[in-house]
Amino acid sequence: MSGMNGMSGVDDLGRWAKPTLAGHGVTLRPMTADDAEMLWELVNDPEGNDLTATTAEFTREQIDAWAASRAECSERLDLVIVEQATGIAAGEAVLNEYDAAAEACNFRIALRGPAWYGRGLGGEATRLIVQHGLGTIGLRRITLSVLRRNPRAIRAYAKAGFVVTGEWHEDGEEWVG
């Protein structure tokens, strides 16, 4: 799916600064080493892995190192989705795979398990990070891929302004992009 056309030509050195973005029900904040436990739960959620066709397995040490390294990564954003009502980290929203020539990024999002699905948190987090990507960062385009069999995610992406630009089969799955 392709989303949103933004402004171009932003050369501000702070464009990839790690922001805190507040919405009505969620706040997105920079990921830190303290988020490793939430990420560990997220990467070990069978339903989430199925909905994203994730087959990779990670060690706890890899997750600890990953969480600790996010603040130092340039040309990408790894933000934690925090439910404002509880202050609990619900998942992550990420802009990655930056293409400088096209001023484009990939978007991905994951919640830490079924207890967090269907509550609007992912939809609001998507809108916040896309707005930031197109506005502050100055991306021209944000893209994503989603399994056709994940209609809840497809609806949330459409509400955030993403449109289907292609479909394909890969590893026995039908994808929408």
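Tutor: The largest nonpolar core has 35 residues, and those with the most contacts inside it are Ile 81, Leu 95, Phe 107 and Leu 139. Strands S3 (26-30), S4 (77-83), S5 (89-99) and S6 (104-111) and helices H4 (121-137) and H5 (151-159) each supply at least two of its residues. H4 gives the largest share, seven residues.

Student: What makes a set of residues a nonpolar core?
Tutor: The set must consist of buried Ala, Val, Leu, Ile, Met, Phe, Trp, Tyr and Cys residues joined through side-chain atoms within 4.5 Å. Helices (H or I, at least four residues) and strands (E, at least two) are DSSP runs, numbered from the N terminus. This is a predicted model: local features need pLDDT of at least 70, side-chain atom pairs count only at pLDDT 80 or more, and totals for chains, interfaces and linings use all residues. Residues are numbered from 1 along each chain as its sequence is written, and side-chain values use heavy atoms, with hydrogens and water left out.

Student: Why is Asp 78 called buried?
Tutor: Buried means under 20% relative accessible area, exposed over 50%, and partly exposed in between (1.4 Å probe, protein chains only). Asp 78 has 2% relative accessibility, so the residue counts as buried. Asp 78 is found in strand S4.

Student: What makes the link between Asp 78 and Arg 76 a polar contact?
Tutor: A polar contact is a pair of N or O atoms within 3.5 Å; within protein, one must be able to donate a hydrogen and the other to accept it, and residues adjacent in sequence count only if both atoms are side-chain atoms. The side chains of Asp 78 and Arg 76 are joined at 2.7 Å.

Student: How do you know that S3 and S4 pair?
Tutor: Two strands pair if DSSP finds at least two bridges between them. S3 and S4 have five, in the antiparallel sense. In one of them, Leu 28 has Ile 81 in S4 as its partner.

Student: Why is the link between Glu 174 and Arg 148 called a salt bridge?
Tutor: The term requires a side-chain nitrogen of Lys or Arg within 4 Å of a carboxyl oxygen of Asp or Glu. The closest N and O atoms of Glu 174 and Arg 148 are 3.8 Å apart, and the pair forms a salt bridge. Glu 174 lies in strand S11 (residues 173-176) and Arg 148 in the loop between S8 and H5, so the pair ties together parts that are 26 residues apart in sequence.

Student: Why is Glu 167 called exposed?
Tutor: Glu 167 has a relative accessible area of 53%, so the residue is exposed. Its side chain also meets that of Arg 148 in a salt bridge (2.6 Å, N to O).
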